[in-house]
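Subject: Structure for you to look at

Hello,

Here is the structure I said I would pass on. Please open it first, then read my notes below.

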Amino acid sequence: MTEPLVESAVWRRLQWHRGEVGSLHLRDLFESDPTRGERLTAEAAGLYLDYSKHRVTDDTLQLLRRLATERGLPEKVRAMFRGEAVNTSEGRPALHVALRMPRSRSLVVDGTDVVKEVHSELDRMSAFAEQVRSGEWRGATGRRIAAVVNIGIGGSDLGPAMAYEALEVYASRELAARFVSNVDPSDLAGALVGLEPAETLFVVVSKTMSTIETIENARAAREWVSAALGSDADLTPHFVGVAGNLEAGERIGIPPEQMFRMWNWVGGRTSLCSAVGLSLLVTLGDEHFRALLGGFHAMDDHFATAALGGNLPVISGLLAVWYRNFMGAETTAVVPYSHALRVLPAYLQQLWMESNGKSVTTAGEPAEVESGSVLWGGPGTNAQHAFFQLLHQGTSIVPVDLIGFARPAGGAAGRHDLLAANLFAQAQALAFGRTEEELDDAGAAEETISHRVMPGNRPSSVLLAERLTPATLGALLALYEHSVFSQAAIWEINPFDQWGVELGKELASRIAPELAKGWKHELLHDSSTNTLIRRYRTLRDA
Ligand code: F6P
């Protein structure tokens, strides 16, 4: 049995070492090693990672790699890729990596070649997408499909919604794409504005097909089509679905032959490459969707085979552990310098926080150390004019990932250079800051100097790629998936379950009928909930 994490020699050594590093400034680290900015870099699957502006020395990195080895990260990676039941609390594999393995590969799990199954479903999806794109698939009145509306929530929404925004320049101009997730009726209403019911295809996505938001939105969408086409119209061509069980679509009127499959070994937050990506496949087309899978797979291969020292997801994961457990960082920020990636922080929030927001180990024991940090962020340069003040001069340490591209996704190249200049400048300002002396030399008014001093020593990674393509996006997302996995491996938590979301759902289903007009029974909640419910009813019914 492995000894407790906090008692291991390497953990203790890291704690002691933190004291050494705590007194070092990035200015000194760069001054004492002029090659640092070239050395502390790594590259894979079209992504270049500069991690030189982190508060680490070569000793820190070596100790973190030792930690990873001693806590069994390489074995855990192999177990995941082999299809072992790494999702221990649910007793199943987490095989999102199989979703993007090329056709030539084979991965047999419990006697089934899952890669074969994946490709047969992908082929079904591609064939359907082609029918829609070519106009062969028509609505009830014979009109061509002109809009695809994805209905789903969490992992059944964030991936396709984020990737569509990111890759919109690759999408068909003939098809509008909309994404509906919230049970707030204004979400669906807003998404349907300007759409023609006779030309709209809904893709209803829910692994469990029991998520109340999705079921209710799918029903409302049905009513919207039916109200326009008449109650006698056959609405079947307007709805396809994605679920763990093909029969599950019948609950919302979708026949099994119009359902696409996701396996129980695919978690919602890592499901973009499964049929959950159907709306993306329809709007982007087969070639671009497969290129996205190719990018994911290139990073998967890198993660599975590269040595720890040059392994991008491992470096990212170990740095996250370093800041969380040794440098006291409670949050992590992600700032893509690409407007097309503006939804990325929301997507990563689910991946990062639903995966590693745990306080129990895989053995069911209380976690020994702090686990997942809070992830947040927004697109640059907008974020600079919003929350960067805190990153530069606040009292908390927030490691930041700055993501940029050498060429624009669309628009003029000139302004794109300005975008990149801002990214590089922010990383520089965060790391090196501005001293009192520098301000003095620049003639700053004496009384403003203490306010204007920039302490620097604020850590950031820069991820740079040539262009935001389907393949680059795939590699980037896989990098974060595996970074999350690497962190969980050190903390010995299960990143693949999410029991913490259950209680709220249960309570909501108990409260929902109590809000209905005419509910006569006594409210038996705590006094706060009872009062809120009463106040809500009064306000609503006034
Ligand atoms: O409530 C959390 C969650 O279970 C996520 O993990 C999942 O991505 C989302 O809900 C949607 O679930 P489903 O695809 O089953 O509707």
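**The ligand and its surroundings**

In the side chain of glutamate 354, an N or O atom is 2.9 Å from an oxygen atom of the ligand. This counts as a polar contact, meaning a pair of N or O atoms within 3.5 Å; within protein, one must be able to donate a hydrogen and the other to accept it, and residues adjacent in sequence count only if both atoms are side-chain atoms. The ligand would expose 390 Å² if taken alone, and the protein buries 87% of that (accessible areas come from the Shrake-Rupley method with a 1.4 Å probe; for residues, only the protein chains shown count as cover).

Please note that this is a predicted model: local features need pLDDT of at least 70, side-chain atom pairs count only at pLDDT 80 or more, and totals for chains, interfaces and linings use all residues. Residues are numbered from 1 along each chain as its sequence is written, and side-chain values use heavy atoms, with hydrogens and water left out.

**The pockets**

Where does the ligand sit? The space it takes is the largest pocket, by the rule that more than half of its atoms lie within 2 Å of the pocket's grid points. A pocket is an open set of points on a 1 Å grid over the protein atoms alone, where a 1.4 Å probe fits, with protein on both sides within 12 Å along at least five of seven lines; lining residues have an atom within 4 Å of a point.

The lining of the largest pocket has 48 residues, and Thr208, Thr211, Gln498, Val501 and Lys505 lie nearest its centre. By type, the lining holds 19 nonpolar, 20 polar and nine charged residues.

The second largest pocket has 24 lining residues, with Ser338, His339, Ala340, Ala409 and Gly410 nearest its centre. Its lining divides into eleven nonpolar, eight polar and five charged residues.

Regards

Terms used:
Ala, Val, Leu, Ile, Met, Phe, Trp, Tyr, Cys and Pro count as nonpolar, Asp, Glu, Lys and Arg as charged, and the others, Gly among them, as polar.
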